[in-house]
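Dear colleague,

I am handing over the structure that we talked about, and below it you will find a careful account of what was found. Please keep it open while you read.

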Amino acid sequence: MTIENRNALDVIDCYDAPDTFHFVDPPYVNSDCGHYEDTFNEQNMEQLLQLLETVKGKFMLTMFPHRLIEQYVRECGWHIHRIERTITASKVSR
């Protein structure tokens, strides 16, 4: 097992090969997750999508719907598999 502690784009680029499967689960756009160097913004999302457009292997990107993803899906012929579910919360009584 290898654990990397560096920019995800560098990791994807380093390990990419025709038989590679990349599971890509970035932070939400414009979120500050605290343990990352900075906020994951629109520019970061576009850089990620530009890299995914060039990978030799396959990938699965997990993310809420986003206009940039929709654009790349149209332009690159990618497929979206939507998972929709209802999330509920209830008060716990003690």
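**What was found**

Thr-20 sits in the loop between helix 1 and strand 1, where helices (H or I, at least four residues) and strands (E, at least two) are DSSP runs, numbered from the N terminus. Before going further, please note that this is a predicted model, in which local features need pLDDT of at least 70 and side-chain atom pairs count only at pLDDT 80 or more, while totals for chains, interfaces and linings use all residues. Residues are numbered from 1 along each chain as its sequence is written, and side-chain values use heavy atoms, with hydrogens and water left out.

Is Thr-20 buried or exposed? Thr-20 has a relative accessible area of 16%, and therefore counts as buried (buried means under 20% relative accessible area, exposed over 50%, and partly exposed in between, with a 1.4 Å probe and protein chains only). Leaving aside residues up to four places away in sequence, Thr-20 touches Tyr-15, Gly-57 and Lys-58, contact meaning heavy atoms within 4.5 Å. The C-alpha atoms of Thr-20 and Val-73, which are 53 residues apart along the chain, are separated by 20 Å.

Phe-21 belongs to strand 1 (residues 21-24), and with a relative accessible area of 53% Phe-21 is exposed. Together with Phe-23 and Met-60, Phe-21 forms a nonpolar patch on the surface, with about 340 Å² of accessible area for the three together. Such patches are made of residues with over 30% relative accessible area and no salt bridge, like charges being joined within 9 Å and nonpolar side chains (Val, Leu, Ile, Met, Phe, Trp, Tyr) within 5 Å, and accessible areas come from the Shrake-Rupley method with a 1.4 Å probe, where for residues only the protein chains shown count as cover.

How do the helices pack? Two packed helices are described by the angle between their axes and the distance between the axes. The axes of helix 1 (residues 8-15) and helix 2 (residues 42-54) come within 10 Å and cross at roughly 5 degrees, axes being lines fitted to C-alpha atoms, for helices over the stretch in contact, with angles from 0 to 180 degrees between N-to-C directions. Helix 1 and helix 2 are therefore roughly parallel to each other (under 35 degrees; over 145 is roughly antiparallel, 65 to 115 roughly perpendicular and the rest oblique). Their contact is made by Leu-9, Ile-12 and Asp-13 of helix 1 and by Gln-47, Leu-48, Leu-51 and Leu-52 of helix 2.

How many salt bridges does a search of the whole structure find? The search finds three, a salt bridge being a side-chain nitrogen of Lys or Arg within 4 Å of a carboxyl oxygen of Asp or Glu. One of them joins the side chains of Glu-42 and Arg-67 (3.0 Å, N to O), and this pair links distant parts of the chain, with Glu-42 in helix 2 and Arg-67 in helix 3 (residues 67-76), 25 residues apart.
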